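Q: I'd like to learn how to read a fold from its model. Can we go through the features one at a time?

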Amino acid sequence: MEKTKKRTGLIVALVLCLALAAVGGVMAWYASQSSLTNTFAVGNIKPPTTDPDQPEKPLKPEVKPEEGGHQGQVNGNIVEDKWVEGSKLTAGSHVAKNPNIGLAPKSDAAYVFAYVKNDLGSGTYFTLKDHWKPVAGQATEHATGGAQAYEGGLFMYVADGAEAAMLQPSTTDVWTGELFSEVVADPNASIAGSPTMTVSCYMVAKSNASEVLSAKDATDAAIAWAASQK
């Protein structure tokens with residue numbers, strides 16, 4: 001009789017354990033996990049490798065101009081093939097300086113902006129060339145230099161339009177055309193003790209083919225960039 005009671009008690013205990021396990025759900029496991037890795041491409045705004053005025057002539061950034069090279073005339077996408085290092089600037093003078101911005105073949109199409117920081121002294125300016133316009137409110141006009149005369153500021157490549165335009169790559173180097181061709185000092189200009197002029201470029205391209213990059217978006221980004229150059 002005692003054995004029967006013990007056996008009956010054991011059976012009841014096991015049934016209770018199974019019932020609790022079923023209710024609590026501890027006997028069933030379910031798991032799921034996922035992973036996604038993104039591979040990015042590197043932006044592709046390549047600098048030009050040939051002289052803008054002589055398409056067959058390779059640029060030589062390590063060779064001095066007097067030795068047939070372009071040392072001091074090339075920096076990334078900017079080329080100044082008329083500039084001569086150490087040129088003298090005095091009141092009433094004109095000095096050749098012709099920044100031109102280019103892209104190598106297979107580059108990404110890009111909006112192009114240039115910022116000119118003029119520390120030459122008062123009364124110095126340049127005349128903006130075709131295909132370029134000042135960014136509204138971001139450039140300083142020169143009072144007596146005539147139409148398109150500026151002392152410095154932010155400018156945008158517009159091609160033949162009125163707003164920022166993309167420079168489109170081709171099978172050879174492509175160019176915006178000169179931003180200006182010379183620096184002029186008025187007859188009464190006051191030249192700084194250590195006169196310098198810095199031309200910097202900012203190029204904005206799409207991150208992928210489906211992205212929408214408007215001229216306004218590019219211009220707003222350029223204005224923010226230019227603030228860091230002042």
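A: Strands here are DSSP runs (E, at least two residues), helices are runs of H or I with at least four, and both are numbered from the N terminus. Two strands count as paired if DSSP finds at least two bridges between them. Before we go on, this is a predicted model, in which local features need pLDDT of at least 70 and side-chain atom pairs count only at pLDDT 80 or more, while totals for chains, interfaces and linings use all residues. Residues are numbered from 1 along each chain as its sequence is written, and side-chain values use heavy atoms, with hydrogens and water left out.

Q: Which residue of strand 7 stands opposite A114?

A: That's F155.

Q: What other partners does strand 5 have, and over how many bridges?

A: The general idea is that strands of a sheet pair through backbone hydrogen bonds, either parallel or antiparallel. In this model, strand 5 (110–127) is joined to strand 10 by 13 bridges, with the two running antiparallel. S122 stands opposite S190 in strand 10. Strand 5 also pairs with strand 8 (residues 166–167), antiparallel again, over 2 bridges; there, A110 has L167 as its bridge partner.

Q: Which strands form the open sheet, and in what order?

A: Four strands, in the order 1-2-4-9, with antiparallel pairing. Strand 1 (74–75) and strand 9 (174–175) are the edges, each pairing on one side only. Strand 1 is joined to strand 2 (residues 78–79) by 2 bridges, and V74 has V79 as its bridge partner.

Q: How many helices and strands does the protein chain have?

A: There are 2 helices and 10 strands. From the N terminus on, the order is α-β-β-β-β-β-β-β-β-β-β-α.

Q: What should I look for in a core, and which residues touch the most other members of the largest one?

A: In soluble globular proteins, nonpolar side chains tend to be buried together. A nonpolar core is a set of buried Ala, Val, Leu, Ile, Met, Phe, Trp, Tyr and Cys residues joined through side-chain atoms within 4.5 Å. Buried means under 20% relative accessible area, exposed means over 50%, and partly exposed lies in between (1.4 Å probe, protein chains only). The largest nonpolar core here has 27 residues, and V116, F126, W132, F155, L179 and F180 touch the most other members. Strand 4 (100–103), strand 5, strand 7 (149–157) and strand 10 (182–204) each supply at least two residues of this core. A second, separate core of 15 residues includes F113, V135, L213 and A215.

Q: What is F126 in contact with, beyond its neighbours within four places in sequence?

A: Contact means heavy atoms within 4.5 Å. On that basis F126 is in contact with several residues, among them V116, Y150, F155, F180 and M197. Q148 is also on the list.

Q: Where does Q148 lie?

A: Q148 lies in the loop between strand 6 and strand 7. Its phi is near 65 degrees, a positive value in a residue other than glycine. Q148 is partly exposed, with a relative accessible area of 32%. A159, in the loop between strand 7 and strand 8, has a phi near 60 degrees, also positive in a residue other than glycine.

Q: Which residues of helix 2 are buried?

A: An α-helix has 3.6 residues a turn, so residues three or four places apart point the same way. In helix 2, the buried residues are A215, A218, T219, A222, W225 and A226. Seen down the helix axis, they fall within an arc of 120 degrees (taken from the directions from the axis to the C-beta atoms), so they line one face of helix 2. The face turned away from that buried side carries the exposed residues K216 and A224. The buried residues pack against strand 5, strand 6 (132–141), strand 7 and strand 10.

Q: What span should helix 2 have?

A: The expected span is 1.5 Å times one less than the number of residues. For the 13 residues of helix 2 (residues 215–227) that gives 18 Å, and the end C-alpha atoms are 18 Å apart, which agrees.
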